[in-house]
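My notes follow, in the order I took them.

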Amino acid sequence: MTCSAPTQPCLARVEAPSPGPLVVALHCSGGTGRQWRWLAQSLHGTAPVLAPDLLGTVQAGPWAGDGPFGLADEAAPILAAIDASSAPIHLVGHSYGGGLALHVVAARPSRIASLSLYEPSAFHLLAAATDPDGRAAYGEIREVARAVEDGLVSGAYRRAAERFVDYWNGDGAWAGLKRSVQDDLVRYVPKVCLDFRALFGGSVTLDAYRSWRVPTLILQGEHAPRPTALIARKLRAAAPDHALRVVVPGAGHMGPLTHGEAVAGFVANHVRSAMASSAVRIAA
């Protein structure tokens, strides 16, 4: 697990109960915990940020291949960290990390004090869509997943990585990356395929999400791709009494990186609001 920012204490291991709030922030596919450095800076003095590097990163290493991979495998060390702490947990997730965050809440609903999601890739929520927009969104993201998987199977890792990057960042984004960054993403392609399969196999229903009654912030980029934009709207509509959807001006799917300070500000305000509401309830 890595620290989000040098100025913010990072709990690489949660070994003893802690009474204070803890923010757990989960990154997107191909990213690292450092994508949350702006959030750690925004919350400095308020709460420590635990931003683990997920499987597939250099720090965490590859999936062991002991069996079919699922969100439960990725979530296991995160749940262990939560269980090792007595602190209220404020959970944050972006894209794949957002889909993973939903799985974590489902496993520990009573431990989560607030939830902040930036375009969570909970693609399973689109699978049963019967409306034209839902079917089109599901077909669109399925096509991207197939293209990446075809590149992996055929050995065209670089073409697969380019398709993945350009879909989420915009046409031509891959060509603008440094060669070293491209090489890192090429090495990540096998995990991208596992991430897609895990997200399509997600099991959190809208009814379950609605029942948690966790204060939830759903962030969406102004230029969000159709699948994640629709998921954000579905989550907001499913729980209008405790979920708020905010569109980040000028941002796309990669807002936590391209508009890091703005996104961090929204999330930090949500965390502080949840902390204040909790304090009022305890005082009452």
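Is F123 buried or exposed? I found F123 buried, with a relative accessible area of 1%; buried means under 20% relative accessible area, exposed over 50% and partly exposed in between, with a 1.4 Å probe and protein chains only.

**Ground rules.** I am reading a predicted model, in which local features need pLDDT of at least 70, side-chain atom pairs count only at pLDDT 80 or more, and totals for chains, interfaces and linings use all residues. Residues are numbered from 1 along each chain as its sequence is written, and side-chain values use heavy atoms, with hydrogens and water left out.

**Confidence.** I checked pLDDT, the predictor's confidence in each residue from 0 to 100. The chain has a mean of 91, and 91% of its residues reach 70 or more. Over residues 1-17 pLDDT stays under 50, and for that stretch the model has 56 contacts beyond four places in sequence; a contact means heavy atoms within 4.5 Å.

**Aromatic rings.** I looked for pairs among the rings of Phe, Tyr and Trp (its six-membered ring), with centres within 6.5 Å; planes under 30 degrees apart count as stacked, over 60 as edge-to-face and the rest as tilted. The count comes to nine aromatic pairs. In one of them, F123 and F200 have ring centres 5.5 Å apart and planes at 35°, so the pair is tilted. This pair links distant parts of the chain, 77 residues apart: F123 is in the loop between β4 (112-118) and α4 (124-127), and F200 is in helix α7 (residues 179-200). Helices here are DSSP runs of H or I with at least four residues, strands are runs of E with at least two, and both are numbered from the N terminus. F200 is buried too, with a relative accessible area of 12%. Ring pairs link F123, Y138, F164, Y167, W168, F196 and F200 into a cluster.

**Charges over rings.** I also asked which ring the charged end of R142 sits over. It is the ring of F200, with the charged end 3.8 Å from its centre. The charged end of R37 sits over the ring of W38, 4.0 Å from its centre. The rule needs NZ of Lys or CZ of Arg within 6 Å of the ring centre and within 35 degrees of the ring normal.

**Helices α5 and α7.** The axes of helix α5 (residues 132-154) and α7 come within 9 Å and cross at roughly 145°. Among the residues making the contact are Y138 and R142 of α5, and F196 and F200 of α7. I took axes as lines fitted to C-alpha atoms, for helices over the stretch in contact, with angles from 0 to 180 degrees between N-to-C directions.

**Two buried spots.** T228 is in helix α9 (residues 226-238) and is buried at a relative accessible area of 0%. Leaving out residues up to four places away in sequence, T228 touches E119, P120, S121, F123, W168 and H253. A160 sits in helix α6 (residues 157-169) and is buried at 1% relative accessibility.

**Positive phi.** S95 has a positive phi of about 55° although it is not a glycine. S95 lies in the loop between β3 (89-94) and α3 (96-107) and is buried, at 7%. R213 also has a positive phi, near 55°, but R213 is exposed, with a relative accessible area of 53%.
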